[in-house]
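The following exercises concern the structure shown below.

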Amino acid sequence: MVFSRRTGYAVGCLILMALVMVSAALAHHSFAVYDHTKTLILNGKVTKFQWTNPHAFLEIDVQDAKGAVKHYTLECTSINMMQRLGWRSNMIKAGDQVKAIAAPLLSGQPGGLLLEVTLASGEKRELGVPASNTFKRTAEQE
Amino acid sequence: MKSKRVLGPTAWIVCAAAVLAPIAARAQQASTPIPDITGSWERARDASIPAQPQPPLKPQHLKEWQAKVQAARESSAKGEPLADRATACLPEGMPTMMGATFPLEILQSKGQVTIIEEAFTQIRRILLDRPQKPVDDVEPGFYGHSVGHWEGGVLVVDTVGVRENVFIGGGMGSPGVPHSKDMRIKERISLGANGILRDDITIEDPVTFEKPWTYTFGYRRMPGYTLLEYVCEDNREYADEKGLQKIRIETPGR
């Protein structure tokens with residue numbers, strides 16, 4: 001029964017690694033409330049850029065083809081992480097037209113985790129979301 | 001009169017070495033300068049830093065902790081992470097803050113080494129060359145009472161008085177490792193020739209652990225980096241009535 005013993009050992013190792021990884025992850029907050037299988041593209045007008053910790057927030061109004069406006073709340077990362085990536089609080093202001101790529105809330109509420117934004121200037125910026133590669137970019141147009 | 005000779009030449013050499021070696025070691029230790037570790041540091045993944053082993057919890061504690069970890073994983077997999085200390089905007093405390101999720105600043109001053117973790121503006125003070133207090137004389141807190149001394153180039157630190165609900169590790173919707181009020185954290189902080197600062201941590205807690213839990217964090221310098229302020233000002237994450245982490249979204253018109 002060498003095989004099963006080895007398999008048992010391998011499984012044990014994997015569980016151990018998983019447990020250790022949980023405690024070693026370099027982030028504070030869980031982003032499990034967001035959908036990891038798809039992303040939204042939101043072209044909208046900024047109503048507020050909330051520059052706070054633990055996380056910043058971008059509030060935008062998105063107008064559909066019929067002119068109806070839907071409001072979205074987009075969670076960013078810590079403003080400390082954002083500053084280390086070169087972000088400044090004045091890079092976005094109310095009234096700016098931006099394009100946001102976000103992982104939507106699983107609850108179906110109009111909100112998401114901001115992964116990347118194209119500023120009014122045309123400059124693209126990422127947010128430094130930990131393990132951002134675990135969010136599959138499908139970029140569905142809203 | 002050969003039989004009266006108590007020690008032969010070899011024995012004398014061995015004896016002299018036994019006496020002189022500790023003196024020489026102490027002299028070398030005393031002559032090793034205290035390293036300059038003042039400045040900003042970030043966590044470094046370096047080959048010289050071993051992976052963190054599993055906590056050697058006693059069977060009952062291990063069982064309970066693994067069940068909590070499993071429940072947290074299952075809840076997260078359903079998109080319903082359990083609320084944790086981050087949801088409540090609480091700092092990590094000791095020893096977790098030494099994991100430096102955000103950068104650390106170390107300040108060496110007369111009689112004290114101060115360590116600041118940027119996230120939650122966490123501060124710990126290591127009082128040098130002072131006796132440690134008995135655990136029961138320390139009011140339980142997030143950081144405990146730390147005393148330290150330099151042994152050559154190594155800062156040896158002893159910490160007691162960390163509150164039982166300040167768990168070790170955890171976060172990201174996962175529970176930390178439990179400990180008792182009698183936990184003692186021993187650290188050996190040293191600067192390697194490779195420029196990597198290491199904190200060799202040993203957690204002793206005979207109530208909770210079968211044997212001491214030892215692991216190491218490594219750090220590299222962040223030249224020119226000044227720690228930023230961090231105030232947990234408006235946490236839109238909150239715990240609902242089921243203890244799940246939820247997010248408050250903006251309702252236009254309110």
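Buried means under 20% relative accessible area, exposed over 50%, and partly exposed in between (1.4 Å probe, protein chains only). The model is predicted, so that local features need pLDDT of at least 70 and side-chain atom pairs count only at pLDDT 80 or more, while totals for chains, interfaces and linings use all residues. Residues are numbered from 1 along each chain as its sequence is written, chains are lettered from A and ligands numbered from 1 in the order in which they are written, and side-chain values use heavy atoms, with hydrogens and water left out.

**Exercise 1.** Determine whether A:Tyr34 is buried or exposed, and describe its pairing with A:Phe31.

Solution. Step one: A:Tyr34 has a relative accessible area of 2%, and therefore it is buried. A:Phe31 is also buried, because its relative accessibility is 8%.
Step two: rings of Phe, Tyr and Trp (its six-membered ring) pair if their centres lie within 6.5 Å; planes under 30 degrees apart count as stacked, over 60 as edge-to-face and the rest as tilted. The whole structure holds nine aromatic pairs over all chains. One of them joins A:Phe31 and A:Tyr34, with 6.4 Å from centre to centre and 45 degrees between the planes, a tilted arrangement.

**Exercise 2.** Describe the surroundings of B:Thr216.

Solution. Step one: B:Thr216 lies in strand β9 (residues 213-221) of chain B; strands (E, at least two residues) and helices (H or I, at least four) are DSSP runs, numbered from the N terminus. B:Thr216 is buried, because its relative accessibility is 9%.
Step two: contact means heavy atoms within 4.5 Å. Leaving aside residues up to four places away in sequence, B:Thr216 touches B:Ile49, B:Pro50, B:Arg198, B:Asp199 and B:Asp200.

**Exercise 3.** How much area do chain A and chain B bury between them, and which interactions involve B:Arg236?

Solution. Step one: buried area is the accessible area (1.4 Å probe) that two parts lose on being put together, summed over both. Chain A and chain B bury about 3,500 Å², 60% of it on carbon and sulfur atoms. In this interface, 37 residues of chain A are in contact with 46 residues of chain B.
Step two: a salt bridge is a side-chain nitrogen of Lys or Arg within 4 Å of a carboxyl oxygen of Asp or Glu. Three salt bridges are counted between the two chains. A:Glu59 and B:Arg236 meet in a salt bridge at 2.8 Å, N to O.
Step three: a charge sits over a ring if NZ of Lys or CZ of Arg is within 6 Å of the ring centre and within 35 degrees of the ring normal. The charged end of B:Arg236 sits over the ring of A:Phe57, 4.0 Å from its centre.
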